[in-house]
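These are my notebook entries on one protein model. I record what I looked up, entry by entry.

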Amino acid sequence: MKSGRLEHDGPVPSDYGLASVDWVAFQGAPRGGMVGTEPIDDWWEGTTCKLVMLPPGRFSAIPSVLLTAKHVALKRKKDAATLWTEDITRTSFQICIRELQNFDGFHRNISVSWMAYEYLPRQTFAEFDNIYFANGKSPKNSDNHAFCKGVTFKVNYMKKPAVMISATHNSSSGLLPDFNSITSWIENIDNEGFKVCMKELHLKSVYDPVVITWVTIPECNSPLGVGMSDKRRITGDQMTASSQISSMYEARLGRLNNRAFPGVHMGAWCPLNNTGQWLQIDLGHLHVVTGVATQGRNSTLEQMWVETFELAFSKDDKTWDTYKENNITKVFNGNRESNMVVVNIVKETPLTRYVRFLPISFYGHVCMRVEVYGCEGYTEPIHVRMMSEGYNDIPSSPGGDSSITIDGLEVSPNVSHAFDLFKQLKHQ
């Protein structure tokens, strides 16, 4: 889409002002957060702010806040504005909006939707963080007179995720919002990270500190916790196998990017022999699986990896279905050396709890390190239904993290009550 007013005396280059906007639609608040919409009072110049009060005790620490402005009137260039938060505390914050050009006219029928959170579940956002801009010196010409920083994702994404950002400022340490204007954006996003930039009005080349809040929106392609980057989600007990050479080659060692520790373990799962073997992952409850990643054994002395493999899925660890595409068993291409990560897409996106890797051909000996990608089963329809019922939070199970059986299938404990509502909706 085109951004900016694009008003020039001469011809405008075809690629000038091109930008994209990531968005998320939701009803109600995700677990761990609060949402609201604030109408902005009509104003006609400069900056206007709106104080938002949060319930006492709702947040134990200062929350992060995401904002977006909603305009009723379309194609009113004079309503172009910057948007940010001021003075966030555990019990309040200010929403501030400033016209993009001074004395731009009368602004009306604008509201701001907000989401405040101290933590968020992984099925809502894959990851989130804050970036501090000290802004103690003038911005660089190379960044078009903006302050910019690089961000590297901690999660391994199969493709470029959607990212949302908002800026916040503290007026006690700098300019009052009446005299400020803060805007932020991202550049050069890919599946490894992005560049975040911000600009603000300033006084005599003195720039104020600003914090940028960012979140990534999962598209059902997040790592599910088998790999070393998030191994707390899938424990060693959830990884089993048909056999192992010894305790130094156990199933629990078959995690993506695991490394060998001589004398302790060999950094991969390797079975006793090379035929009829499998490595199994118990995801804990139902998930949609959209991809897998594999490596060979982590060793420079003995080269061992799986060249081709199949996948099998089960909801109950009893009945297994070999994965097929177009009714033909899919043989996935695996590795050609030990450490290179090979990612394969699972196009049919099965709903499953258990995943089995079935090695077919190999080099040296069958050895694997793996990751599984996807998202929690039932998350989206249940979440929408819960919000339409007016719940502020998805209820959690008093029994902790154990699964709950619904219609013979085990699902995440925080969706059991919601699933009842979802079934009611289907039968209405």
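**Entry 1. Aromatic pairs.** I took rings of Phe, Tyr and Trp (its six-membered ring) as paired if their centres lie within 6.5 Å, with planes under 30 degrees apart counted as stacked, over 60 as edge-to-face and the rest as tilted. I use helix and strand labels for DSSP runs numbered from the N terminus, helices being H or I of at least four residues and strands E of at least two.

I next checked exposure, where buried means under 20% relative accessible area, exposed means over 50%, and partly exposed lies in between (1.4 Å probe, protein chains only). Both F147 and Y207 are buried. A second pair, F309 and F332, is stacked, at 5.4 Å centre to centre with 20 degrees between the planes. F309 belongs to strand β16 and F332 to strand β20 (residues 332-333), so the pair ties together parts that are 23 residues apart in sequence. F309 is buried at a relative accessible area of 0%, and F332 is buried at 1%. Ring pairs also join F309, F332, F313, Y323 and F357 into a cluster.

**Entry 2. Source and confidence.** I note that the model is predicted: local features need pLDDT of at least 70, side-chain atom pairs count only at pLDDT 80 or more, and totals for chains, interfaces and linings use all residues. Residues are numbered from 1 along each chain as its sequence is written, and side-chain values use heavy atoms, with hydrogens and water left out. I read pLDDT as the predictor's confidence in each residue, from 0 to 100. The protein chain averages 80, and 79% of the residues score at least 70. Over residues 378-428 the pLDDT stays under 50, and the model has 82 contacts beyond four places in sequence for this stretch. A contact here means heavy atoms within 4.5 Å. Where pLDDT is low, the predicted coordinates should not be read in detail.

**Entry 3. The chain as a whole.** I counted 2 helices and 25 strands in the protein chain. Of its 428 residues, 46% count as buried. Among contacts between residues at least 6 apart in sequence, 74% join residues at least 24 apart.

**Entry 4. Two open sheets.** I treated two strands as paired if DSSP finds at least two bridges between them. Strand β11 (residues 193-200) pairs with β8 over 6 bridges in the antiparallel sense. In this pairing V151 stands opposite F194 in β11.

Another open sheet has 3 strands in the order β1-β6-β3, and its pairing is antiparallel. The edges are β1 (33-40) and β3 (64-71), each pairing on one side only. Here too I found an average twist of 20 degrees from one strand to the next. Antiparallel strands β3 and β6 (residues 110-117) are joined by 8 bridges, and T68 stands opposite S113 in β6.

**Entry 5. Nonpolar cores.** I defined a nonpolar core as a set of buried Ala, Val, Leu, Ile, Met, Phe, Trp, Tyr and Cys residues joined through side-chain atoms within 4.5 Å. The largest has 24 residues, of which I281, L311, V355 and F357 touch the most other members. Two or more residues each come from β15 (279-295), β16 (305-314), β22 (351-363) and β23 (369-376). The most, 5 residues, come from β15. Another core lies apart from it, with 21 residues, including A126, F153, V163 and I212.

**Entry 6. A268.** I located A268 in the loop between β14 (239-241) and β15. A268 is buried, with a relative accessible area of 0%. Which residues does A268 touch, not counting residues up to four places away in sequence? They are M248, Y249, E250, L253, G254, R297, M368 and R369. A268 and M368 are 100 residues apart along the chain, with 5.7 Å between their C-alpha atoms.

Key
Axes are lines fitted to C-alpha atoms, for helices over the stretch in contact, and angles run from 0 to 180 degrees between N-to-C directions.
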